[in-house]
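Please look over the sequence and the structure before reading on.

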Amino acid sequence: MMRMSRRAKWICVMVFAPFAIALVIFVGGEIVKYLWNWLVPSLFGWRPITFWEAFGLLALCRILFGSHGFRGARSNSSGRGRMADRMADRVADRWDHMTPEERERFRQRLRERCGFDPAAAEGAR
């Protein structure tokens, strides 16, 4: 089997990428239009929408609520892209540097404040 050169791969990507992008836009707009026209007029009495209105609605939702496709590119290989992961790592680092006495004091304060015993939770795993 013959391998493609890097240049040939880039040419293929540059030729097919616009078609792939257009296909994604078309499919996304049609799905939003279909769902809107299926649900909203019967539920709320609003009018059906066109493809371009559906595409605009899809773009607006992406702007307001979407990740813009950057999440995968920004997260590093260890998966620490999310705030909860970073917080969990920070707590684990602090826990590792505590002495047994400090850990017991921490558990006691947690029991007093929250009624939660981390030792019992670790044993349940």
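Which residues of H1 are buried? They are Gly28, Gly29, Val32 and Val40, in a model that is predicted. The buried residues of H1 pack against helix H2, which covers 51-65.

**Helix H1**

- H1 runs over residues 6-44 and has 39 residues.
- From the first C-alpha to the last, H1 reaches 54 Å, close to the 57 Å expected at 1.5 Å a residue.
- H1 has a kink of about 35 degrees at phenylalanine 16, shortly before proline 18.
- After H1 comes glycine 45, with a positive phi near 80 degrees.

**Salt bridge in H1**

- The structure holds four salt bridges, including one between the side chains of glutamate 30 and lysine 33, at 3.6 Å from N to O.
- Glutamate 30 and lysine 33 are separated by about one helical turn, because they are three residues apart in helix H1.
- Glutamate 30 is partly exposed, with a relative accessible area of 25%.
- Lysine 33 also counts as partly exposed, at 23% relative accessibility.

- Side chains of opposite charge can pair when their charged atoms come close.
- A network of salt bridges links Glu104, Arg107 and Arg111.
- In the salt bridge between glutamate 104 and arginine 107, the closest N and O atoms are 3.7 Å apart.
- Helix H5 (residues 100-114) contains both glutamate 104 and arginine 107, three residues apart, or about one turn of the helix.
- The side chain of glutamate 104 also meets that of arginine 111 in a salt bridge, at 3.6 Å from N to O.
- Glutamate 104 is partly exposed, with a relative accessible area of 38%.
- Arginine 107 is buried, because its relative accessible area is 16% and the limit for buried is under 20%.
- Arginine 111 is partly exposed, with a relative accessible area of 28%.

Methods
Residues are numbered from 1 along each chain as its sequence is written. This is a predicted model: local features need pLDDT of at least 70, side-chain atom pairs count only at pLDDT 80 or more; totals for chains, interfaces and linings use all residues. Side-chain values use heavy atoms; hydrogens and water are left out. Helices (H or I, at least four residues) and strands (E, at least two) are DSSP runs, numbered from the N terminus. The expected span of a helix is 1.5 Å times one less than its number of residues. The bend at a residue is the angle between axes fitted to the seven residues ending there and the seven starting there. Buried means under 20% relative accessible area, exposed over 50%, partly exposed in between (1.4 Å probe, protein chains only). Contact means heavy atoms within 4.5 Å.
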